[in-house]
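Take them one at a time, with the model open beside you.

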Amino acid sequence: MNLPIRLTVNGELRDVVLDDPRVTLLDLLRERLQLTGTKKGCDRGQCGACTVLVDGRRVNSCLALAASHDGADILTIEGVAQGGELHPVQAAFIAHDGCQCGYCTPGQIMSAIGLIAEGHAGDDPERIREGMSGNLCRCGAYVGIIEAVREAQKNLAAIKTERAA
Amino acid sequence: MNQFEYVRPASVADAIAAAAAPGATYLASGTNLLDLMKGGIMRPARLVDVSRLPGLDRIERLDNGDVRIGALVRNADLAHDLDFARSHPAISEALLSGASAQLRNAATVGGNLLQRTRCSYFYDTASACNKRAPGSGCDARGGDNRLHAVLGWSEGCIATHPSDLCVPLAAFDAIAEIEGRHGRREVAVEALHRLPGATPERDSTLEPGELIVAVRLPAAARGFASHARYLKLRERTSYAFAVVSAAAGLVIDGGTIKEARLALGGIAAKPWRAREAEAALAGARAAPAVFRRAAEAALAEAKPSGANGFKIELAQRIILRALTLAAAGTPDRMPALPASPFSSPAGATQ
């Protein structure tokens, strides 16, 4: 069976014909669109390495069928920097050493962007830890990750205030 | 994952017609179903994708005071809906204590009701499991069963229902609205899930091809809003299923309990409404000795199904704590660690 779908991925319209309905959003991104920044960790919704934004919301792309996402707007780690400038969350992960081996990092960053946009955690470390619990880091870089999310949250709030003024 | 046919109907009627095919299963967001398919536990011949059916993603306040939640409302959207969180705080707390933020953004209310057990023998296709393969036996009996059921289990199955959401839904008399080939019907969420008996392969009382289209909370559920909590003990503080959990709601007038609602999670194949405990609470003082008696009443029929006798005591302590916290009053703001006994205010240490 051939199933045509159209998605927006990192701002670009992409037309894809699925030859198999089993393709997950994760495999579509990695294997068909060659966007390998999104990682496959457990492939079962337990680790968060595959986190992307779908219509602005963070989800596990391994537990989403591509066929169900016809018309969706997808943002992956490849799409968050603006030109040559890192996204504030990316910059904060570097500043606070929120990475070790780096495998979970794209998922951590996409999850943090989603968390900050949701706006429920503020800069409360306990709420950030709870809000980031869907992203495992087997190196254990959590202290740096939480600090990075706090700083990014403050920087993004400041940018928002500046724009509103 | 097995090969399957994928269909995306445009209406509820088309979906029900499409699901009449043998081996058909509804797909909502897939957070549980795709996981089960990847593990070879479920092998549907046809997936009927209902994730975009129109009109099922709304939270409606009806004229009679009921709240009607479309089956495709996402868990996160329901939990964070300001009006809903204010009127049904224990349900919001239960939702936010479940899974991870990513899963809550995807998972739907209807799908949550129909998720399968997380019994590791159900998930392991090399193990005997009467729920997965009827008649094959139950390797959880005599296996690693410290997290299994202590109420309502049978010799054939000791699995538990994993939902957090269903626990306060059962406590507050929620109703599932169901559509099927023979029209529309309603069933109390409390009666939606089945105890295993001799047919553990059937999780629910739904007939083949029936579709949950909404969950309705009766107006009376709002009456508990100022004294309602969900409490959940997990093996880690976040992103874990309940070892035991409790949803408690009280109506208190001058220190006397006018009405009580109590349901338990993690201890049976269905969310467990504790009516004996509710009866023990009604008309009594909101006091520790009363809460303790209610907790004992709730677990009076419990018996271990393996190395899990500790859950009987643990469930009583969670009930005691949930009632104590509910009596103290619903917090103004959702706790940083929803449903966690480790973020309780001072004075609730029993």
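At what angle do the axes of helix H3 and helix H5 of chain A cross? Point 2 takes this up, after a word on conventions.

1. This is a predicted model, in which local features need pLDDT of at least 70 and side-chain atom pairs count only at pLDDT 80 or more, while totals for chains, interfaces and linings use all residues. Residues are numbered from 1 along each chain as its sequence is written, and chains are lettered from A and ligands numbered from 1 in the order in which they are written.

2. In chain A, the axes of H3 (residues 105-118) and H5 (residues 142-164) come within 10 Å and cross at roughly 45°. That makes H3(A) oblique to H5(A). Angles under 35 degrees count as roughly parallel, over 145 as roughly antiparallel, 65 to 115 as roughly perpendicular and the rest as oblique. Axes are lines fitted to C-alpha atoms, for helices over the stretch in contact, and angles run from 0 to 180 degrees between N-to-C directions. Helices are DSSP runs (H or I, at least four residues), as are strands (E, at least two), numbered from the N terminus.

3. From H3(A), the contact uses A:Gln108, A:Ala112, A:Leu115 and A:Ile116; from H5(A), A:Ile145, A:Val149, A:Ala152, A:Gln153 and A:Leu156. Contact here has C-beta atoms, placed from the backbone, within 7 Å. Seven of these residues are nonpolar, two polar and none charged. Nonpolar covers Ala, Val, Leu, Ile, Met, Phe, Trp, Tyr, Cys and Pro; charged covers Asp, Glu, Lys and Arg; the others, Gly among them, are polar.

4. H3(A) also packs with helix H2 (residues 88-95) of chain A, at about 125° and with the axes 9 Å apart. That makes H2(A) oblique to H3(A). Here A:Val89, A:Gln90 and A:Phe93 of H2(A) meet A:Thr105, A:Ile109, A:Ala112 and A:Ile113 of H3(A). By class, this contact has five nonpolar, two polar and no charged residues.

5. Turning to chain B, you will find twelve helices and twelve strands. Its C-alpha atoms fill a box of roughly 60 × 50 × 35 Å along the principal axes. Among contacts in chain B between residues at least 6 apart in sequence, 66% join residues at least 24 apart.

6. Where the chains meet, chain B gives 21 residues and chain A gives 27. On the side of chain B that touches chain A, H2 (33-38) and H6 (101-106) of chain B each supply at least two residues. H6(B) has the largest share, five residues. That side has ten nonpolar, eight polar and three charged residues.

Technical notes: Contact = placed C-beta atoms within 7 Å.
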